[in-house]
Amino acid sequence: MPEEARVSIADRGLLLGDGLFETMAVHNAQVFDLAAHLDRLASGLGVLGFAEAVDLPKLRSGIARYIAAEEASCAVLRVTVTRGAGPRGLPPPEAPRPTIFMTLSPMPAARKTPLSLHIATVTRRNEHSPLSRVKAMPYLDNVLALSEARAHGADEALMLNTRGTIACATAANIFVVREGRLETPPVCDGALPGTMRALVLSLAKEAGLGPAEISLDLSSLAVADHVFLTNSINRLTEVKDCNGLPLGRRAGAAVERLRALIASRFDAG
């Protein structure tokens, strides 16, 4: 039970944000795209330097046992992995003993209407940091950006990188449909390599679109035929405006084909 869980007061995840997490959709009592999530987790552990301390096959079986024990058919699963407890200060322990915990939450209702974006000014995405490419625990930049967006009456924040080009939203990747192409910022621009992002890129041609990882500036939104966000939980969510300016919604047929293809992958397991 969550109220019975205990984390050491010396845990580096608690004190320093020294850890990673993955948020996954449980569908028909199975984690969708689990292999992709574990691959990204493994990559992040390599960046942080304690991959050898985490037994991923054991974690995979632990996830299956947890879902079965909770009889979770449709839910949101978060897996958090920290480096574990350590001595005071920044240097990590030589032999880390990671803390791993999992939580299940109800799956939110699917959004039926497009959302609005606000361009965050309080912070920017650091595309030069290796943490921009992993699901690292410190998410305060995203928290600040979302708080700013909500204060302006928007649903989500659009995060720019240090060069002023588009990186991502606070909890989603961004896609632009333009002249038959499906464009999204490359990882080197600060975009998180999302698992749903990868799936959508792989389905683009089947939906009649040419996939392209390309730098996008704010003018790209103004001329777009369609703009949408993706993540593992909400899948695909259309965007109606940014900073109060309406965005194009002229590629509805292609977007619906993508949505249907994603749904078919979920149902196929």
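I began with the cysteines and found zero disulfides in the structure, a disulfide being a pair of cysteine sulfur atoms within 2.5 Å. C188 is in no disulfide, and the nearest cysteine sulfur, that of C168, is 13 Å away.

A note for anyone joining me here: this is a predicted model, where local features need pLDDT of at least 70, side-chain atom pairs count only at pLDDT 80 or more, and totals for chains, interfaces and linings use all residues. Residues are numbered from 1 along each chain as its sequence is written, and side-chain values use heavy atoms, with hydrogens and water left out.

**Entry: the cysteines again**

Is C188 buried or exposed? I looked it up, and C188 counts as exposed at 52% relative accessibility. My scale is this: buried means under 20% relative accessible area, exposed over 50%, and partly exposed in between, with a 1.4 Å probe and protein chains only. C242 is buried, with a relative accessible area of 6%.

**Entry: aromatic pairs**

How many aromatic pairs does the structure hold? I noted three. Rings of Phe, Tyr and Trp (its six-membered ring) pair if their centres lie within 6.5 Å; planes under 30 degrees apart count as stacked, over 60 as edge-to-face and the rest as tilted.

One of them is F21 with Y139: the ring centres are 5.2 Å apart and the planes stand at 75 degrees, so this pair is edge-to-face. F21 lies in strand β1 and Y139 in the loop between β5 and α4, so the pair ties together parts that are 118 residues apart in sequence. Helices (H or I, at least four residues) and strands (E, at least two) are DSSP runs, numbered from the N terminus. F21 is buried at 5% relative accessible area, while Y139 is partly exposed at 23%.

Another pair I looked up is F32 with F266, which is stacked, at 3.9 Å centre to centre and 15 degrees between the planes. F32 sits in the loop between β2 (30–31) and α2 (34–48), and F266 in helix α7, 234 residues apart. Both F32 and F266 are buried.

**Entry: charges over rings**

I count a charge as sitting over a ring if NZ of Lys or CZ of Arg is within 6 Å of the ring centre and within 35 degrees of the ring normal. R78 lies over the face of F21, 4.0 Å from the ring centre. R235 has its charged end over the ring of F266, 3.6 Å from the centre.

**Entry: helix α7**

Helix α7 covers residues 252–268. Which residues of α7 are buried? My list reads A254, V255, L258, L261, I262 and F266. Among the elements covering the buried residues of α7 are β1 (19–27) and β12 (235–242).

**Entry: helix α4**

Helix α4 takes in residues 140–151. I found N142, A145, E148 and A149 buried in α4. Seen down the axis, these fall within an arc of 125 degrees, so they line one face of the helix. On the other side of α4, L140, R150 and A151 are exposed. Just after α4, G153 takes a positive phi of about 80 degrees.

Terms used. Expected span 1.5 Å × (residues − 1). Arc of directions from axis to C-beta. Contact = heavy atoms within 4.5 Å.
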